[in-house]
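I opened this notebook to record, entry by entry, what I looked up in one structure.

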Amino acid sequence: METTKQNSPVDIGKKLTWLAIPSELAARIKGGSQGFAAMKKYFAAKNVDLFDRLVMEVITDLSDTSTTADPSAKSIDKVLALQTEVCEKVCHLRHQGIFPLVISGDHSSAAGISAGLRKAHSDERIGIVYIDAHADLHSPYTSPSGNMHGMSLAIACGLDHINQAKNSPNPQTIELWNDLKALAGKVPAVDPQDVVFCAVRDIEKEEEQAMLEHGMVNHSVKSIRQIGIKNVVSKIINDLSHCDRIYVSFDIDSLDPDEAPGTGTPAKGGLSLKEVIELCSLLIREKKVCCWELTELNPVRDMDEKTVANACQLILAVTEELLTYY
């Protein structure tokens, strides 16, 4: 992996930095690595200078050639290398007091981001608001696919689910898995009770059991609509009131496929664009929030740039909200 810097900061937003991670190493379907470029192209065509207003840093894969061949955790060695770099970059930015605005290709990035926040704020408690159709709580012992974008929160929370094992990872995979969980220097990087889900609806029984066992709250699409976005945000902030820092991770598949067909793992019954804009805009006003991410945009699967356009609308809303504070 290599990290590059693009553009120069202007007077506004000196405490905000774009962090692009155009990788699809951990995804089931390829194309997520092109999401960042598709958004840049879209903004350029609309003469929107959003990506030019702040410093841009990019972490890219040098190779997707893996030396492991364990189907229970595909390319785990490369995922470890990438997430190690993500961890170090996020930690460095936070030590400078910078708020990372992350655009990642697949959701394995949540593992590196969580670890980086833990390293930067070692004596503080990190909360996560995970807006996603999926819980991403599988491990090499339980994953039905071996795709590691479905394991990011299990890594961050140090969860193995060995008692529910369906797979038998080889010794090399187990060693690499343990290294991933220890990216922050301590396990877990995040207490499972400090994770709040929104819009999760496509979940396997092992993940559901982990959520129940650790008291992990999920605000379903139905409940969000019943009580309203403002009340949901109030509940989230209250549930994470004991946390010192909060990381908001938004997966594009939390949107309904009618609004976001361009993603690798769509799930029916998701949120509307209007709802996610309000949800993220209100969450970002909480002063404890120190990192926001958009992930899993796959332009290869998009229709008429619909998902790209909606992702850009969301990013524009979130960034403009942040710029009022930074």
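Which residues line the largest cavity? I found that Ala27, Arg28, Ile29, Gly32, Gly105, His149, Gly264, Thr265, Glu296 and Asn298 do.

Before going further I noted that this is a predicted model, in which local features need pLDDT of at least 70 and side-chain atom pairs count only at pLDDT 80 or more, while totals for chains, interfaces and linings use all residues. Residues are numbered from 1 along each chain as its sequence is written, and side-chain values use heavy atoms, with hydrogens and water left out.

**Cavities and pocket**

I wrote down the terms: on a 1 Å grid over the protein atoms alone, a cavity is a set of points where a 1.4 Å probe fits but cannot get out, a pocket is an open set with protein on both sides within 12 Å along at least five of seven lines, and lining residues have an atom within 4 Å of a point. Grid points are joined across faces, edges and corners, and a volume is the space filled by probe spheres set on the points.

I searched the whole structure and found three cavities of 30 Å³ or more, and the largest cavity holds about 60 Å³ of space. I sorted its lining into two nonpolar, six polar and two charged residues, where Ala, Val, Leu, Ile, Met, Phe, Trp, Tyr, Cys and Pro count as nonpolar, Asp, Glu, Lys and Arg as charged, and the others, Gly among them, as polar.

For the largest pocket I noted a volume of about 330 Å³. It is lined by 20 residues, of which His134, His149, Gly150, Glu204 and Thr265 are the closest to its centre. The classes in this pocket lining are two nonpolar, nine polar and nine charged.

**Helix packing**

Helices (H or I, at least four residues) and strands (E, at least two) are DSSP runs, numbered from the N terminus. Axes are lines fitted to C-alpha atoms, for helices over the stretch in contact, and angles run from 0 to 180 degrees between N-to-C directions.

Ala38, Met39, Tyr42 and Phe43 of H1 meet Val308, Ala309, Ala311, Cys312 and Ile315 of H10, where contact means heavy atoms within 4.5 Å.

Next I took H8 (residues 229-239) and H9 (residues 273-283), whose axes lie 10 Å apart at an angle of about 40°, so H8 is oblique to H9. The contact joins Ile229, Lys230, Val233, Ile236 and Ile237 of H8 to Glu275, Glu278, Leu279, Leu282 and Leu283 of H9. Its residues divide into seven nonpolar, no polar and three charged.

H9 also packs with H10, at an angle of about 25° and with the axes 9 Å apart, so H9 is roughly parallel to H10.

**Backbone**

I noted a cis peptide bond from Val187 to Pro188, with omega near 0°; Pro188 sits in the loop between helix H5 (171-181) and strand E6 (195-198). Asp136 has a positive phi of about 55° although it is not a glycine, and I placed Asp136 in the loop between strand E5 (126-131) and helix H4 (152-157).

Methods: Angles under 35 degrees count as roughly parallel, over 145 as roughly antiparallel, 65 to 115 as roughly perpendicular and the rest as oblique.
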